[in-house]
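The structure is shown below, followed by points grouped by topic.

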Amino acid sequence: MSKKLGIGIIGSGGIARGCHMKSYAALPDRCEIVQVCDVNEDVARSAAAEFGVENVTTDYRELLANPAIDAVSVATPNKFHLDPTVAALKAGKHVLCEKPLGMNADECRQMCAAARDSGKILQVGLQQRFTGPARFLKSYIDSGQMGDVYYARAQALRRRGVPGWGVFIDKEKQGGGPLIDIGVHILDLTLFLMGYPKPVMALGSTYDHLGKNPDIYNGFGDYDRSKFTVEDFAVALVKFENGATVVLESSFMANIADQPLTSQLMGTKSGAIIRSSGDEPIVLYSEREKQLFDERPANIPRVDNPYLAEVDAFLKAIETGGPSPVPGENGLILNAIFDAIYRSSETGREEPIDVTF
Ligand SMILES: NC(=O)c1ccc[n+]([C@@H]2O[C@H](COP(=O)([O-])OP(=O)(O)OC[C@H]3O[C@@H](n4cnc5c(N)ncnc54)[C@H](O)[C@@H]3O)[C@@H](O)[C@H]2O)c1
């Protein structure tokens, strides 16, 4: 048995505590949380206490100097992903960095370069691809049974779901609103299923009609409407080098009935819809003998906790020498698409997507 991996936590708020630390703590034979960092000392102390960790700091550089730490989770607001991630990789630590990887593609480029130079694992915290339905549909598509997937409609829509906590309404700290925050999950899942084709251009629009309005109800807690500087809805058409197209819709607030986190994929042989919740996570659409079939896979592999699966995959990549289960280069492609969508919304024109590494 190889030695347990020493883990450091940078940013110990909601996701760190609820998902990263919980998952590391659930794998005690393979890793141990050695030190916890948060700029807010009280937050760091209470997170550390919850998981029985003694060593606490408010400075991530101090944590990175700790030789007992092999790998870190970076779970800070988006604006603070870049510096700790690059510094960690330079210090020879593996990094699981929360999504979106950066505020923009340029930041991702720096993180990918640091990962390449160090030879350490850089994994982006995109857990949707670790669910049972995602694993099944990926192998179904890779086996050729859908033919070429040439179109997908990806939706991450909330009716009244502006996060009332954290900094999710602050463009300066997040880089954007629902597009970059929850659109990133469904776009990653969609592109993962499509084999991550190279995007070439996007035509997009963003809106902020509802999120700033103090008279509108919000289901995710209260927030200061005057500080709402992100979009509340975004839509885009993204074209890929291989001819495929994706239409992406994402909202924190919209006047709609359903609240899907869903991707509908169309292939030359068959199609599929994958949903993150509900009784029918996957339906496959095909034709045989001039009959149309809607099929529901009956024994999709069970993954109780995709966050645990994500951390398990991170540890496995470190233990076995890689590759990264969710490489930084995928994170860069996602951010480059968002950059083009935000630009397109301003210029009113289609914008090129630069994914050079
Ligand atoms: N994968 C998912 O499903 C998922 C869900 C929620 C959030 N997230 C991502 O996780 C990140 C954090 O979100 P959250 O909901 O946990 O936010 P949060 O506000 O609850 O926690 C962030 C913590 O980071 C700390 N922090 C800020 N700057 C720091 C720095 N330089 N060094 C150390 N600590 C610092 C803050 O004090 C705060 O405690 C974001 O990037 C978000 O997009 C991912």
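Domain bounds here come from an automatic or database domain assignment. On that basis, the protein chain is divided into domain 1, covering 5–128, and domain 2, covering 131–306 + 335–352. The model is predicted. Taken over C-alpha atoms, the centres of domain 1 and domain 2 are separated by 26 Å.

**Extent of the domain interface**

- The contact between the two domains involves 16 residues of domain 1 and 20 residues of domain 2.
- About 1600 Å² is buried between domain 1 and domain 2, and carbon and sulfur atoms give 54% of this area.
- Of the area that domain 1 buries against domain 2, 39% is supplied by Met103, Leu126 and Gln128, more than by any other three residues.

**Polar and charged interactions across the interface**

- Two salt bridges are counted between domain 1 and domain 2.
- Seven residue pairs are in polar contact across the interface of domain 1 and domain 2, both residues of each pair being at pLDDT 80 or more.
- On the side of domain 1 that touches domain 2, eight residues are nonpolar, six are polar and two are charged.

**A salt bridge between side chains**

- Glu172 and Lys79 form a salt bridge through their side chains, with an N to O distance of 2.2 Å.

- Ser286 is part of strand β13, which comprises residues 282–288.
- Ser286 has a relative accessibility of 12%, and because buried means under 20% relative accessible area, Ser286 counts as buried.
- The side chain of Ser286 is in polar contact with the side chain of Arg288, at 3.5 Å.
- Leaving aside residues up to four places away in sequence, Ser286 touches Ser270, Gln291, Leu292, Phe293 and Glu295.

**Gly348 and its position**

- Gly348 is located in the loop between α10 (328–347) and β15 (351–352).
- The relative accessible area of Gly348 is 58%; since exposed means over 50%, Gly348 is classed as exposed.
- Gly348 and Asn55 are 293 residues apart along the chain, and their C-alpha atoms are separated by 51 Å.

Methods: Residues numbered from 1 in each chain as written. Predicted model: local features only at pLDDT ≥ 70, side-chain atom pairs only at ≥ 80, totals over all residues. Heavy atoms only, no water. Contact = heavy atoms within 4.5 Å. Buried area = accessible area lost by both parts, 1.4 Å probe. Salt bridge = Lys/Arg side-chain N within 4 Å of Asp/Glu carboxyl O. Polar contact = N/O pair within 3.5 Å; in protein donor to acceptor, adjacent residues only side chain to side chain. Nonpolar A, V, L, I, M, F, W, Y, C, P; charged D, E, K, R; others polar. Helix = DSSP H or I, 4+ residues; strand = E, 2+ residues; numbered from the N terminus. Buried < 20%, exposed > 50% of the residue type's maximum accessible area, 1.4 Å probe, protein only.
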